[in-house]
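Please keep the model open while reading.

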Amino acid sequence: MSIWHIYGGNRLTGSTRVQGAKNAVLPIMAASVLSGGETVLHNVPDLRDVTTTLRILQHLGCTAVRDGDTVRIDSRGMHCDFIPHALMRELRSSVIFLGAILARFGTARLSMPGGCELGPRPVNLHLDALRALGAEVTERGGDIICRAHALQGRRILLPFPSVGATENLLLAAARAKGTTVLTNAAREPEIEDLAGYLNRCGAHIHGAGESCIVIEGVPHLYGSTYTVMPDRIAAATYMAAAAVTGGTVLLRDVNSEHLLPVLSAFESTGCAVMQSGSELLLRAPQRLKPVRHVRTMPYPGFPTDAQAPVMTMAAVGDGTSIFVENIFESRYKHAGELNRLGAKIKLEGKVAVIEGVPQLSGAPVSAEDLRGGAALVIAGLAAQGETQVMHPQYIDRGYAHFEENLRALGADVYRI
Ligand code: EPZ
């Protein structure tokens with residue numbers, strides 16, 4: 001397996017285009033099976049998770065091919081309602097296929113998505129929501145088996161604004177009989193993008209992006225063409241890379257509104273952030289002030305996916321910062337690896353106390369999950385000497401052409 005070699009100290013300067021959103025394109029690709037037609041998606045990032053989702057679609061009997069940053073899916077030939085363990089293990093978020101396959105066929109069988117690097121990843125909210133629409137859901141032999149003679153719209157309250165459960169509900173309710181009113185829905189921008197695609201296919205979904213979403217079921221959906229929204233977490237990651245190197249970087253094709261929840265963290269460190277249209281310029285000070293306080297929350301709160309990259313900024317800030325990770329049970333694996341680079345991070349359950357240090361020192365570290373791996377790369381950009389990051393395949397799941405883009409901004413990084 002390859003290793004990242006990073007020689008720190010270079011200021012990042014220049015501009016880079018931000019990729020399409022991983023967490024929008026994955027549910028939209030799952031949604032394409034609802035139409036029984038052809039879907040063309042633009043601005044699709046070149047990611048391992050996208051490749052895995054293409055393989056799942058092909059396994060189900062669809063034609064699904066990538067052509068540069070365009071993906072073409074034709075779900076007319078779909079003949080299978082089962083996603084096996086090998087594919088589910090590669091991409092646990094494929095649980096969002098459940099609602100789509102069930103709505104298409106009336107039956108669906110998935111291997112139970114196990115836990116992942118972020119801790120146990122239960123799907124009880126997904127299954128309870130599908131039961132509420134009239135599905136019969138059983139768990140047997142490690143599989144989730146769903147049947148629904150006819151999905152019936154109704155009022156549903158989510159106990160927690162789960163992104164995946166909200167997406168599964170949109171997919172199942174889009175073609176259900178009658179109207180579904182979903183309250184306490186997740187408000188992430190990726191939900192709006194999924195609803196935007198489904199409405200383009202003929203669905204009647206109102207209020208996506210708010211906590212109450214109304215879905216009027218329709219009998220048919222049609223294939224359509226859609227452009228995926230920019231990736232707000234990739235944008236925040238490049239901003240953090242610029243910040244820790246005292247750089248000045250222009251990001252193109254961003255949606256600044258989606259970045260509002262993280263802007264205050266960057267500005268508290270002394271970074272100047274200017275936005276104009278789909279561009280965002282970040283100018284970092286020579287020495288960062290502390291991030292101060294980060295509490296991850298459902299959107300529009302601070303996004304849990306930006307916690308690790310922003311923690312690297314805090315690690316080199318001139319003071320102490322407090323982080324509270326409220327969304328996932330085990331999302332601090334990068335802290336121990338950052339400490340190997342000379343950071344001073346103490347963990348106590350959900351709380352991390354980060355005492356900024358003047359300089360990190362390069363060392364071999366190991367990526368344990370997607371965003372934590374990106375945080376280690378960012379730390380290597382700021383560290384003195386060489387940092388080696390092992391297991392970069394985690395990073396490939398969510399960042400397209402990451403090393404090329406960083407090199408183009410002046411980073412001294414190689415992957416061998
Ligand atoms: C989505 O995961 C994203 N993944 C995650 O991004 C992101 O961190 C997360 O939303 C929160 O924003 C994709 O969109 C593919 P949740 P998801 O359901 O849907 C618990 C990344 O790095 N929960 O909102 O799984 C769950 O265990 C990834 O790009 C239940 O208890 O997130 C977690 O603690 C990581 N039961 C919390 O809710 C359920 O049935 C939030 O989960 C479902 C979730």
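## Leu170 and the nonpolar cores

In this predicted model, Leu170 touches Ile191, Leu194, Ala195, Leu198, Ile205, Ile213 and Ile215, leaving aside residues up to four places away in sequence. Leu170 belongs to the largest nonpolar core, which has 80 residues. Seven names stand out there for touching the most other members: Met29, Leu41, Ile83, Phe97, Leu151, Leu170 and Leu198. Helix α1, residues 22–31, is the top contributor to this core, with 7 residues.

A second core is separate and holds 70 residues. Its members include Ala242, Ile345, Leu360 and Ala363. In soluble globular proteins, nonpolar side chains tend to be buried together.

## Helix α11

Which residues of helix α11 are buried? Within residues 333–340, they are His334, Ala335, Glu337 and Leu338. An α-helix has 3.6 residues a turn, so residues three or four places apart point the same way.

Just after α11 comes Gly342, with a positive phi of about 105 degrees.

## Asn405

Asn405 sits in helix α14, residues 402–408. Its side chain reaches the backbone oxygen of Ala400 at 3.4 Å. Not counting residues up to four places away in sequence, Asn405 touches Thr16, Tyr238 and Ala400.

Definitions and conventions:
Residues numbered from 1 in each chain as written. Heavy atoms only, no water. Core = buried A, V, L, I, M, F, W, Y, C linked by side-chain atoms within 4.5 Å. Buried < 20%, exposed > 50% of the residue type's maximum accessible area, 1.4 Å probe, protein only. Helix = DSSP H or I, 4+ residues; strand = E, 2+ residues; numbered from the N terminus. Contact = heavy atoms within 4.5 Å. Polar contact = N/O pair within 3.5 Å; in protein donor to acceptor, adjacent residues only side chain to side chain.
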